[in-house]
Amino acid sequence: MTTLERRYRWLLRAYPNGYRADHGDELLGILLDSAEPGRAIPPAREAVALVVGGIRARVISAAQGPAWTDGLHRGVVALAMLNLAVLIPYAGGIPLWLALSAVAFVLVLRGHVRLALPVAGAVAVKVTAITMGHPWLDATLLPVFPDGPWSGPALYGHGGPIAPLTSNALIVAGLLVLASRRERPRARSWWWLAAVPLVAGADPAWLDIVAGSPTAMARVCLEVVLLVGAACAGHLTADPRWAVAAGVYLVPATAVLWENASVELVARQDIAHAALLVVLTGAAVAVPFRARRRSLR
Amino acid sequence: MSKGSSGLSEQTYFVLAALLDGPLHGHAIIKKVVDLSQGRITLAVGTLYGALDRLAANSVIVVEREEVVNGRKRRYFRITDEGNRIVEAEARRMQQAAAVVTGRHSLGATFA
């Protein structure tokens, strides 16, 4: 095997396994046939086209099955991951609830929605208890402060209970809808686990945009990247499942505005952040319908 | 692409045009597109197969047959009746659009 072939094979890994098994050799044959003699490095335009083509093929292969339930499942997976990431800095104070939140996330991730329902329900009750200051389910010393390497306010100490309650209520409601269906949602990739530390480090619990901390900005950047990605996926596939997931995320992400609206605590940066999320989610919703009319481009 | 067009990009138009004379495999399509576009369009392999997958999903082309050459599978793509209709409609649209400009020149030459 030549160096060029090895490098092309490595680039072809951008495509999903099934596509590579069916057509990988065909693509490789053309790439090698059209290569200049003695060439060892793939031309940049071929390399970029393979990566873009691979991502496109992955997105298209992900758009299988009923769009609304798949989108709802994606949204619930994202919220369950956010729930877990929020609790990680408080592992020492609430180890049991962190563990149950992790179990709920993995069960939701792998499509075991009926098993996830009681676990996520228990976590939702505990989150409600902590935000309302009640000793439900077990005795937890309140407030819960972050552990050594983390800094910041107490758990749910920055803002009222509406945002975490909305998030947990959506998780439980989404799981109820998914559990009522005959078909189980498909198991999602274990790569989602890699996103947990990333989100945990991106200020998931106390989004203080006004202070402009690097972690808060990292979270805003992450949100923008994911919502733009949802719009791009909708454009490629003309499928609304990513828009549904974005909509599920938008509800708790903007709930904090309603929470603070009555006490006039909302700064213009918070309004700008919410407006950004609404506009990008709106774009993610609109793009698939527009793409249906231009599917041949 | 302007409003009111069939929604074909220039690359897709030339891919369909390349198939008008009969089924071709991927490498032959790339070479024919270079010829038809007089060297303006050289499709990257990833781009070509993205377009072929999209066109096949919309039943504009189909896989006519498969061959194994040097141990590697090779698919031959054929344009469908729907694909023929689309590419011909696009050609007529572009011809009409071009006539707006070229017709003006010839009128100017006539009355000069």
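**Notebook: cores, helix pairs and the A–B contact**

I began with Ala80(A), which touches Ala104(A), Phe105(A), Val108(A), Ala120(A) and Ile171(A) when residues up to four places away in sequence are not counted; here two residues are in contact if their C-beta atoms, placed from the backbone, lie within 7 Å. I note that this is a predicted model, in which local features need pLDDT of at least 70 and side-chain atom pairs count only at pLDDT 80 or more, while totals for chains, interfaces and linings use all residues. Residues are numbered from 1 along each chain as its sequence is written, and chains are lettered from A and ligands numbered from 1 in the order in which they are written.

**Cores**

I then looked up the largest nonpolar core, which has 52 residues, and found that Ala80(A), Ala104(A) and Val108(A) have the most contacts inside it. A nonpolar core is taken as a set of buried Ala, Val, Leu, Ile, Met, Phe, Trp, Tyr and Cys residues joined through C-beta atoms within 7 Å; a residue is buried if 20 or more other C-beta atoms lie within 10 Å of its own, exposed if 12 or fewer, and partly exposed in between. The elements of chain A that give two or more residues to this core are H4, H5 (95–109), H6 (113–132), H7 (162–179), H9 (214–237), H10 (241–261) and H11 (268–292), where helices (H or I, at least four residues) and strands (E, at least two) are DSSP runs numbered from the N terminus. H4(A) gives the most to this core, with 12 residues. Apart from this core lies another, of 36 residues, among them Leu12(A), Ala57(A), Ile30(B) and Leu43(B).

**Chain A overall**

I recorded 11 helices and 0 strands for chain A, whose C-alpha trace spans about 70 × 45 × 45 Å along its principal axes. Of its 297 residues, 35% count as buried, and among contacts in chain A between residues at least 6 apart in sequence, 73% join residues at least 24 apart.

**Two helix pairs**

The crossing of H4(A) and H8(A) is right-handed; a crossing is left-handed if the near helix is turned anticlockwise from the far one by less than a right angle, and right-handed if clockwise. By class, this contact of H4(A) with H8(A) has 10 nonpolar, no polar and no charged residues, with Ala, Val, Leu, Ile, Met, Phe, Trp, Tyr, Cys and Pro counted as nonpolar, Asp, Glu, Lys and Arg as charged, and the others, Gly among them, as polar.

The axes of H6(A) and H7(A) also come within 9 Å, but cross at roughly 165 degrees, and the two helices are therefore roughly antiparallel to each other. H6(A) passes H7(A) in a left-handed crossing, and by class their contact has 16 nonpolar, 4 polar and 1 charged residues.

**Arg188(A)**

I looked up Arg188(A) in the loop between H7 and H8 of chain A. Because Arg188(A) has 16 C-beta neighbours inside 10 Å, it counts as partly exposed. Arg188(A) touches Val77(A) and Leu109(A), residues up to four places away in sequence not being counted.

Chain B comes to 4 helices and 3 strands, in the order α-β-α-α-β-β-α along the sequence, and of its 112 residues 29% count as buried. I found 22 residues of chain B in contact with 19 residues of chain A. On the side of chain B that touches chain A, H2 (26–36), H3 (45–57) and S3 (72–79) each supply at least two residues, and H3(B) gives the most, with 7 residues. By class, this side of chain B has 8 nonpolar, 9 polar and 5 charged residues.

Within H3 of chain B I picked out Tyr49(B), which counts as buried because it has 25 C-beta neighbours inside 10 Å. Leaving aside neighbours within four places in sequence, Tyr49(B) is in contact with Leu27(A), Gly53(A) and Gly26(B).

Technical notes
Axes fitted to C-alpha atoms, helices over the stretch in contact; angles between N-to-C directions. Parallel < 35°, antiparallel > 145°, perpendicular 65-115°, else oblique.
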